[in-house]
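Hi everyone, thanks for coming. Let's take a look at the structure together, and then I'll walk you through a few of its features.

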Amino acid sequence: MRRLTGLICGVFLLSGVACAGDAPPLPTLKINPAKVAVAGLSSGAYMAAQLQMAYPEWFASAALVAGGPFGCAAGRLDLALSTCMKGVPAPDPAALAAKAEQRAAAGEIGALKDLAHGRVYLLHGKDDALVAPAVAEAGARFYEQLRDGVPALKSLQVKDDGQRAFAHNLPVAATGDDCDKSVSPYLGHCGFDAAGEIFQQMFGKPAAAASAAKGELRQFDQDAYRPGAADAFLASTGYVYLPPDCIAGKRCGLLVAFHGCKQNADAVGEAFVKDAGFNRWADVYDVVVLYPQTRASTAPMNPQACWDWWGYSGDNYDSRQGVQLRWLVDAVKALGLPAH
C-alpha cells in the first residue's frame, strides 16, 4: 500500500499537483519562552484551555473565543452537546475548578502555580446561538475560581469580554453582513479586530499599528511530530506564519492558534490562516503563529474536524497524556520553544 501511494503521488507530482507529506518540517527558530500564548475559537477554544491547563509551564496565557470551562465535557459527548454548548444544565465552575486542582495534584495536568503570571482573555458574542453565552461566562468563572481559591494564583489576570454583538464566529476588522451569522469560514465581518485585541491581551500594547502581513505563511508536515508514531487525528499538513524579523533570526514570541470545527484548511482553504487577522499583528509583535490543522473522520466520529475536547482520541484527551496535546508539545519543541 505504501508503495502504491508513492507511485500515485509520483504521478501527481509530474502533473504539478502536491501530495500529502510534501510539506517540509517546521523551521527551528529562536523562541522566547516568556512570550508564548495559545488562542482558539469554539472547539479550538476548548483545546486552547486544555493546552494551557495541561502544560501551563509553556502556555500560561490563553485567549478563548466562544468556548467554555476546562474539563466541561468530562469525556462524554452528551455533556459536550448539552451542558458545554447549550448550557442546559449549566456548567458548574466551582466543581470544575476543584476537579482541576485534584488533577493537578495527581499530575494529570500541569502545576497550577505555573499559571500565576498568565493572562486569560475570554471573548464571546451576545448573539452566539451555538455556544451559549452562559457557557462562556462559566469559562470566565472557572478561572476566577482558580484565581481566588489557589493562593499561588492571586496575580492571574482574567478578562471577560462578553458584551459585544456577534454570532458564533471570530470577528475581524472589516465590516460586512455576516457578523450576526455563523457561516463558513466563520470570520465575522463585525468591524472589531479580535486578533488585534487577542495580541494586546496576551502580549501588551502594540508598538505600532498593523499593516498588511509581510512575513511568510508556510506549510509544514504535521505527521513528522506524531508522538511515538501515534495517530493524533490531524491533517498531514499544517501552517506556520513567520514574521520577517523572526525569519532573520530575531528572538520571537509564539502564538498557537486553533481553528474551530469546520474551519480547518480542508473545509475553508486558507481563509483562517490568512484572513483571521493574526498574521499582520504577528509582524508588529514579532510573534510566530502556529496554525495546526485537524482532519475530519468517521472512525473516530469527528465529521466536522473539531479539536478533541470530549474524548474521541482517548480517555486522556485533556491531560498531559492526550495524543493531540503531546503532538503540540513535540511541534513547539521542534519550532524552538526551549524544553522544560
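First, a term: a disulfide is a pair of cysteine sulfur atoms within 2.5 Å. This is a predicted model, where local features need pLDDT of at least 70 and side-chain atom pairs count only at pLDDT 80 or more, while totals for chains, interfaces and linings use all residues. Residues are numbered from 1 along each chain as its sequence is written, and side-chain values use heavy atoms, without hydrogens or water.

The structure has four disulfides. One of them joins Cys-72 and Cys-84, with 2.1 Å between the sulfur atoms. This link is left-handed, at -105° about the S-S bond.

Now for two helices (DSSP runs of H or I, at least four residues, numbered from the N terminus). How do the axes of H2 and helix H11 cross? They come within 10 Å and cross at roughly 70°; here axes are lines fitted to C-alpha atoms over the stretch in contact, and angles run from 0 to 180 degrees between N-to-C directions. So H2 is roughly perpendicular to H11, a label for angles of 65 to 115 degrees. On the H2 side, the contact (heavy atoms within 4.5 Å) uses Met-47, Gln-50, Leu-51 and Ala-54, and H11 brings Gln-324, Leu-325 and Leu-328. Sorted by class, these are five nonpolar, two polar and no charged residues. Nonpolar covers Ala, Val, Leu, Ile, Met, Phe, Trp, Tyr, Cys and Pro; charged covers Asp, Glu, Lys and Arg; the others, Gly among them, are polar.

Technical notes:
Parallel < 35°, antiparallel > 145°, perpendicular 65-115°, else oblique.
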